[in-house]
Amino acid sequence: QDHDSLTIPLLSHQQRSINSTSQVAIVGANVCPIESLDYEIVENDFFKQDWRARGKVQIFQYIFMKWLLCFLIGGFVSLAGFFNNLAVENIAGVKFVITSNMMLAQRYWMAFLVFSLSNLALTLFAAIITAFISPAAAGSGIPEVKAYLNGVDAPGILSIRTLIVKIVGSIAAVSSSLLVGKAGPMVHTGSCIAALFGQGGSRRYGLTWKWLRFFKNDRDRRDLVTCGSAAGIAAAFRAPVGGVLFALEEMASWWRSALLWRAFFTTAVVAIILRALIDVCLSGKCGLFGKGGLIMFDVYSANVSYHLADVPPVLALGVIGGILGSFYNCLLVKVLKVYNLVNEKGTFYKIFIACTISIFTSCLLFGLPWLVSCQSCPSDASEDCPTIGRSGNYKKFQCPPGHYNDLASLIFNTNDDAIRNLFSKNTDSEFQLSTMLIFFVTCFILSIFSYGIVAPAGLFVPVMVTGASYGRFIGMLIGSWGNLSHGLYAVLGAASFLGGSMRMTVSLCVIILELTNNLLLLPLIMVVLLVSKTVADAFNGNVYDLIMKVKGFPYLETHAEPYMRQLTVADVVSGPLQLCHGIEKVGNIVHILKTTMHHGFPVIDESPHSESPVLYGLILRAHLIALLKKKAFLCTPVQLGADAFRHFSSDDFAKKGLGNVDKIEDIELTDEEMEMFLDLHPFTNASPYTVVDTMSLAKALILFREVGLRHLLVIPKISSV
């Protein structure tokens with residue numbers, strides 16, 4: 001009867017559906033079961049003995065390697081960000097120069113052909129390598145990394161193949177004039193680099209240095225990936241403090257002061273290396289490398305002043321940004337679901353959608369500038385007008401000499417240069433009202449349809465461009481009624497749309513301040529972000545959380561739903577319960593591992609080791625497989641004692657690298673070995689998190705989230721007689 005009470009679930013009379021949550025990626029990746037990450041320290045006897053055996057030298061090695069890996073992550077991410085920007089500026093620059101030269105020669109159809117075919121070729125290349133090499137590299141990458149830091153181990157999201165495809169595919173996609181950004185892919189790139197450094201070496205490539213063995217666990221890898229995500233934002237926008245705050249506010253589910261210090265160190269390395277590389281480029285050694293996303297946007301003006309009368313338009317911007325941001329998120333999710341249905345039909349359909357969007361984008365971008373009238377060049381222009389052969393504010397397009405096409409000045413530039421043109425000071429008369437409206441609608445639509453294709457594509461920059469265009473549009477409507485310039489309205493518009501779509505406040509505020517180098521805007525940006533987030537929260541969630549739901553990531557939210565207060569943990573447990581005894585027969589262990597997919601098993605001590613059945617602890621599936629693989633079996637059911645520490649080393653139980661998991665099917669055992677025994681006591685976590693069955697489900701959720709649990713043992717209340 002005691003044995004039955006241990007194995008029968010608490011509420012066996014209720015029928016429950018099995019949780020079959022799986023990753024259905026937007027790009028139509030194969031459906032794969034999702035695992036969790038072991039962030040909890042397994043405090044078994046073997047672990048305690050291993051830590052006691054470590055001296056001051058090993059502790060120094062561990063601390064030194066943490067800082068060294070953070071330095072290496074910052075260095076490699078900054079190089080990736082720099083060469084990403086360098087490649088985009090040069091590839092897109094060559095394309096725009098050739099197109100412009102043909103336009104100057106009035107060979108309009110040939111210019112359109114070159115523009116559209118080059119865009120199609122770049123998009124096709126990005127789509128092919130993503131679809132065939134690493135489908136997990138599609139999209140932004142921020143939802144995947146955010147889910148990983150929450151404890152979700154989705155397959156292939158941080159592999160070396162994903163890293164390579166993310167870098168190369170992002171360069172091709174951004175250069176192809178698709179309205180996609182590079183900030184999201186840079187976050188994913190930084191996280192991949194950090195995850196690869198955190199693997200603790202590689203036997204395949206001969207990287208088996210003893211100092212690397214300390215990082216063969218999920219806890220330290222999580223810290224490194226957090227630093228990598230912060231470095232990604234720092235490299236994309238040269239915003240080191242904004243990168244740290246982005247990782248804290250948006251990415252990480254678990255944080256501590258030591259991690260803040262290491263993340264800040266990592267982003268500082270990024271900022272210093274980027275500054276040195278930019279100085280090289282400013283000397284003219286980087287080809288067509290212009291003042292791209294690694295250079296601050298110049299909106300500073302010494303005479304910026306605002307009064308109480310400027311507050312109502314700013315509040316209106318925040319409200320509009322919140323409404324538009326939530327509407328943008330709603331449309332984006334609907335489009336992604338449609339794309340998902342098409343992508344499931346096969347690889348050809350994924351690539352076909354990408355090519356269709358590319359052709360549609362090229363036709364739209366080349367055709368729309370013909371709809372606006374030409375503007376005469378201003379006499380006090382700060383640069384050559386019209387701009388020929390390089391990036392700039394005044395593109396000639398089809399206009400006569402001495403005139404420029406203001407819409408072409410935004411379209412026939414990279415997204416970074418378009419943002420700079422919108423943000424720039426002393427340009428209140430540069431753009432027409434109709435131009436801003438056309439550009440806003442175009443960006444709004446294209447950014448939604450471009451994101452879901454099978455290619456690396458970020459949302460940050462497209463949302464910023466879209467917000468800047470409607471911000472400047474509202475500034476033009478207000479005109480002389482306000483004291484703010486149109487460029488500052490563009491900055492506030494970008495902030496409001498980012499806040500309405502992504503729902504971040506502190507990190508976005510600091511990133512925009514670091515981008516614009518204008519602290520005078522701080523109060524206005526704070527007001528805009530607070531208003532836009534408050535308004536948007538009334539409609540739906542932030543865009544990354546919505547994408548995670550579409551992808552099927554079982555993400556644990558920060559707060560419990562109200563109904564969870566009415567349920568206890570006993571209401572959600574299911575069975576039958578699979579458990580092991582302190583000294584278990586090898587055949588029973590193999591049977592349990594082969595017939596279940598659980599990753600943790602309660603260990604029970606019964607007679608003669610205990611007077612009555614008692615819960616000893618929890619043992620992990622990976623540790624059971626390691627024990628079977630080592631074959632340190634016993635002929636009789638006796639405790640192993642101190643011999644356990646001689647047969648095994650800490651490396652035997654270390655977490656394998658990405659994608660390398662031992663399986664029970666790979667272990668061959670004879671019939672004689674199946675009748676032998678294993679003493680599980682030294683390898684069982686004797687202090688697992690355990691709760692009584694009357695605990696509310698809301699408390700259990702908070703415990704899972706705050707502590708980073710993978711397993712939680714539920715035991716019934718036993719009344720003492």
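A salt bridge is a side-chain nitrogen of Lys or Arg within 4 Å of a carboxyl oxygen of Asp or Glu. Side chains of opposite charge can pair when their charged atoms come close.

The model shown here is predicted, so local features need pLDDT of at least 70 and side-chain atom pairs count only at pLDDT 80 or more, while totals for chains, interfaces and linings use all residues. Residues are numbered from 1 along each chain as its sequence is written, and side-chain values use heavy atoms, leaving out hydrogens and water.

By the salt-bridge rule, the count comes to 13. One of them joins K182 and D416, whose closest N and O atoms are 2.9 Å apart. K182 lies in the loop between α6 and α7 (183-197) and D416 in helix α14 (residues 415-423), so this pair ties together parts that are 234 residues apart in sequence. Helices (H or I, at least four residues) and strands (E, at least two) are DSSP runs, numbered from the N terminus. Is K182 buried or exposed? K182 is buried, because its relative accessible area is 7%, and buried means under 20%, exposed over 50%, and partly exposed in between (1.4 Å probe, protein chains only). D416 also counts as buried, at 7%.

Another salt bridge links D545 and K146, with 2.7 Å from N to O. D545 is in helix α20 (residues 543-551) and K146 in helix α5 (residues 142-149), 399 residues apart. D545 is buried at 15% relative accessible area, and K146 is buried at 4%.

E673 is buried at 17% relative accessibility, whereas K631 is partly exposed at 37%. Salt bridges that share partners join K146, E250 and D545 into one network.

Next comes a sheet. Three strands form an open sheet in the order β7-β9-β10, with mixed pairing; two strands pair if DSSP finds at least two bridges between them. The edge strands, each pairing on one side only, are β7 (580-581) and β10 (614-620). Strand β9 (residues 600-605) pairs with β10 in the antiparallel sense over six bridges. Which residue of β10 is the bridge partner of V603? That partner is G617.
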